Amino acid sequence: MNVPVGERSFRQEKYHGDILMKIGILGAGRMGSTIGTVFARLGHEVIFSYSRSQQKLQNLALTSGGRACSPEYAVKQSNILVLAVHWTQLDDVLSQAGDLRGKIVISCTNPLNISDTELVVAHTDSGAETVARKLPGAHVVAAFQATPSEVLLEVFEGKYTAPRPSMVYCGNDRESKKTVRELLKQFGFEPVDAGPLKLARYIEPFAMLATELAYGTPHGPKWVYNFGRYS
């Protein structure tokens, strides 16, 4: 599907004074769908792409006010890409996405095996660093890995309450991290800059703890976390 479908039907939230972005979502699972829907509600121009179901992309476009198209078109039309596919789909989506040089890429993709039980890259390397090596010239920022997708919409809807949940992120390019930080604040999080991209080596294993709490306990998936300085 190379022709975008869907028109912006509403802007529920408009942040006057903030720069609105063109954001491409690579992946239409729970994470990509929810992140894209929130960014569309914030007034950003959102393009959904990469799904086994073209109908699902069209439905996302119609319900969120975004658009739906091919990964290559999403990359060409966007300033920022959200990489939200399963690790086993990484090479396939990147082969369809084309040239991402100069783009900000928010990597939400944890390097999990096909059964989602173990990290296949860990401790001395990270999924985010692997993505960066596959995308020379792109500015990769790791975020969203350790917060379950099921709670993201509630974080957005409760963004005016305090305290806000934390969101750790990391990356090597200062300006790209500033942009991602602003998006995380708009989303409803208190951003915590963990440092350079190699810090994803610790964030991604932390995401495994978050996964166990969300899906391995009887308390349900709506977990968030807070980091703070004691005074």
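Visitor: How do the residues of the lining of the largest pocket divide into nonpolar, polar and charged?
Guide: There are 14 nonpolar, 14 polar and 4 charged ones. Here Ala, Val, Leu, Ile, Met, Phe, Trp, Tyr, Cys and Pro count as nonpolar, Asp, Glu, Lys and Arg as charged, and the others, Gly among them, as polar. Mind that this is a predicted model, where local features need pLDDT of at least 70 and side-chain atom pairs count only at pLDDT 80 or more, while totals for chains, interfaces and linings use all residues. Residues are numbered from 1 along each chain as its sequence is written, and side-chain values use heavy atoms, leaving out hydrogens and water.

Visitor: How much space lies in that largest pocket?
Guide: About 880 Å³.

Visitor: Which helix gives the most to its lining?
Guide: Helix 8, with 5 residues; helices (H or I, at least four residues) are DSSP runs, numbered from the N terminus. Helix 8 spans 200–215, and both this helix and helix 1 supply at least two lining residues.

Visitor: Switching topic: at what angle do helix 1 and helix 2 cross?
Guide: Roughly 30 degrees, with the axes of helix 1 (residues 30–41) and helix 2 (residues 54–64) coming within 10 Å. That makes the two helices roughly parallel, a label for angles under 35 degrees.

Visitor: And which residues make the contact?
Guide: Ser33, Thr37 and Ala40 on helix 1, and Lys56, Leu60 and Ser64 on helix 2; contact means heavy atoms within 4.5 Å. By class, that contact has 2 nonpolar, 3 polar and 1 charged residues.

Definitions and conventions: Axes fitted to C-alpha atoms, helices over the stretch in contact; angles between N-to-C directions. Parallel < 35°, antiparallel > 145°, perpendicular 65-115°, else oblique. 1 Å grid on protein atoms, 1.4 Å probe; cavity = no way out; pocket = protein on both sides within 12 Å on 5 of 7 lines; lining within 4 Å. Points joined across faces, edges and corners; volume = space filled by probe spheres on them.
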